[in-house]
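Here is a friendly note to read alongside the coordinates. Please keep the viewer open while you go through the points.

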Amino acid sequence: QELVQVWRISQDGTRVRANNRRSGTRTLEQVRQEVRELEAKFAEYTAKVESQDAADEEAFGGDAPPELPPELRDERQRLELLKAALADLEAHAAYGGKLPGRLPITDPDARVMPSKEGGFAPNYTPTALVDAASGMIVGADVLSQHNEDSQLVPALEEVQQDFELATPPKEVLADGLMATGANVEACEALGVQLY
């Protein structure tokens, strides 16, 4: 805390493309269908392997562990990735979050949102809070939403907690996107001047 004043901070965010092309997105029902198909494929393969293993054991003895054929190894990783993405979305929905219309398959934690170059694509929104006096980053996050304005007050509270401050920073410099009524009101209640 001696290197930074944490009295006046600047906040900004940008948009960064995910490692997923626009055409590589699916609706939630398409993802669920793909998971069902992959699970059925693995169930069929497992039954076939167990039958072959039983025949081999009877004929030759021994107990060799079954190995996935090369064509199924990548699909197993894909299945695990898709299941994890669906579990995250279901948890998000359980807390009242809005489910996305389309889910990126390569980067399932990204969201389809406006791109800096125009149009829409799977993106992330990294944000940073910087101590204006020293130029040091005092807070950062990567969001999978385009409305970064909703994260200004939680970010200020996190800086207050991280630097063990009695109050949040006194001044925040941000672009016009942050000038929402909710942010102005919340900053005023916290004793923070939002510029």
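The points below cover a pocket, the nonpolar cores and the salt bridges of this predicted model.

1. **The second largest pocket.** This pocket has a volume of about 170 Å³. Its lining counts 15 residues, and L129, D141, Q151, A155 and E158 are the ones nearest the centre. If you sort the lining by class, you get eight nonpolar, four polar and three charged residues.

2. **Where the lining comes from.** Which elements each supply at least two residues of the lining? They are strand 6 (120–131), strand 7 (137–143) and helix 3 (152–162). Helix 3 gives the largest share, with six residues.

3. **The largest nonpolar core.** There are 16 residues in this core, and L129, V138, L152, L156, F163 and V172 have the most contacts inside it. Helix 3 again deserves a look, as the largest share of the core, four residues, comes from there. A separate core of twelve residues lies apart from this one and includes V35, L89, L103 and I105.

4. **Around V172.** Leaving aside residues up to four places away in sequence, V172 touches I9, Q11, L152, L156, V192, Q193, L194 and Y195. Two of these partners, L152 and L156, are also listed among the core residues with the most contacts.

5. **Salt bridge E117–R17.** How many salt bridges does a search of the whole structure find? The count is four. In one of them, the side chains of E117 and R17 meet at 3.9 Å, N to O. E117 sits in the loop between strand 5 (111–114) and strand 6, while R17 belongs to strand 2 (residues 16–17), so this pair ties together parts that are 100 residues apart in sequence. E117 counts as exposed at 62% relative accessibility, whereas R17 is partly exposed at 48%.

6. **Salt bridge E39–K83.** The side chains of E39 and K83 also form a salt bridge, at 3.0 Å from N to O. This pair links distant parts of the chain, 44 residues apart: E39 is in helix 1 (residues 28–60) and K83 in helix 2 (residues 70–94). Is E39 buried or partly exposed? With 33% relative accessibility, E39 is partly exposed, and K83 is partly exposed too, at 38%.

7. **Salt bridge R36–E29.** Here the closest N and O atoms are 2.8 Å apart. R36 has a relative accessible area of 39% and is partly exposed; E29, at 42%, is also partly exposed.

How values were computed
Residues numbered from 1 in each chain as written. Predicted model: local features only at pLDDT ≥ 70, side-chain atom pairs only at ≥ 80, totals over all residues. Heavy atoms only, no water. 1 Å grid on protein atoms, 1.4 Å probe; cavity = no way out; pocket = protein on both sides within 12 Å on 5 of 7 lines; lining within 4 Å. Points joined across faces, edges and corners; volume = space filled by probe spheres on them. Nonpolar A, V, L, I, M, F, W, Y, C, P; charged D, E, K, R; others polar. Core = buried A, V, L, I, M, F, W, Y, C linked by side-chain atoms within 4.5 Å. Buried < 20%, exposed > 50% of the residue type's maximum accessible area, 1.4 Å probe, protein only. Contact = heavy atoms within 4.5 Å.
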